[in-house]
Amino acid sequence: MTVKVGINGFGRMGRLVLRAGWGNPDYRVSQVNEIATDATGCAHLLQFDSVHGTWPHACNAEGAAMSVGGQASIGCHAGAMIDDVDWSG
């Protein structure tokens, strides 16, 4: 059974959670909520980390979503409060 994960805050820890679970078939990040940037910024920060280096998976923005490795589509939101985001998906 795949566990869907939503990340509220895509700073250092949020990005590490996504990287750590990447490739695990039992774990899938479905949404990210980050008020400081949009999908383009999230994709850039995920791929080019100043501490952990460049991630080998291509990260791109596709509208309001982030594509990771050409495999996953992760919805990106910018809700100031956690209740502002529909986490049901």
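# Salt bridges, a buried arginine and a pocket

User: How many salt bridges does the structure hold?

Analyst: The structure holds 2 salt bridges, a salt bridge being a side-chain nitrogen of Lys or Arg within 4 Å of a carboxyl oxygen of Asp or Glu. This is a predicted model, in which local features need pLDDT of at least 70 and side-chain atom pairs count only at pLDDT 80 or more, while totals for chains, interfaces and linings use all residues. Residues are numbered from 1 along each chain as its sequence is written, and side-chain values use heavy atoms, with hydrogens and water left out.

User: Which residues are linked in the network of salt bridges?

Analyst: The network links R12, R15 and D49. Between R12 and D49, the closest N and O atoms are 2.7 Å apart. R12 lies in helix α1 and D49 in strand β3, so this pair ties together parts that are 37 residues apart in sequence. Helices (H or I, at least four residues) and strands (E, at least two) are DSSP runs, numbered from the N terminus. D49 also forms a salt bridge with R15, with the closest N and O atoms 3.7 Å apart.

User: Is D49 buried or exposed?

Analyst: D49 is buried, with a relative accessible area of 8%. Buried means under 20% relative accessible area, exposed over 50%, and partly exposed in between (1.4 Å probe, protein chains only). R15 is buried too, at 11%, whereas R12 counts as partly exposed at 32%.

User: Changing topic, how much space lies in the largest pocket?

Analyst: About 190 Å³ lies in the largest pocket. On a 1 Å grid over the protein atoms alone, a pocket is an open set of points where a 1.4 Å probe fits, with protein on both sides within 12 Å along at least five of seven lines; lining residues have an atom within 4 Å of a point. Grid points are joined across faces, edges and corners, and a volume is the space filled by probe spheres set on the points.

User: Which element gives the most to the lining?

Analyst: β2 gives the most, with 3 residues. The residues lining the largest pocket include L18, W22, Y27 and I74.
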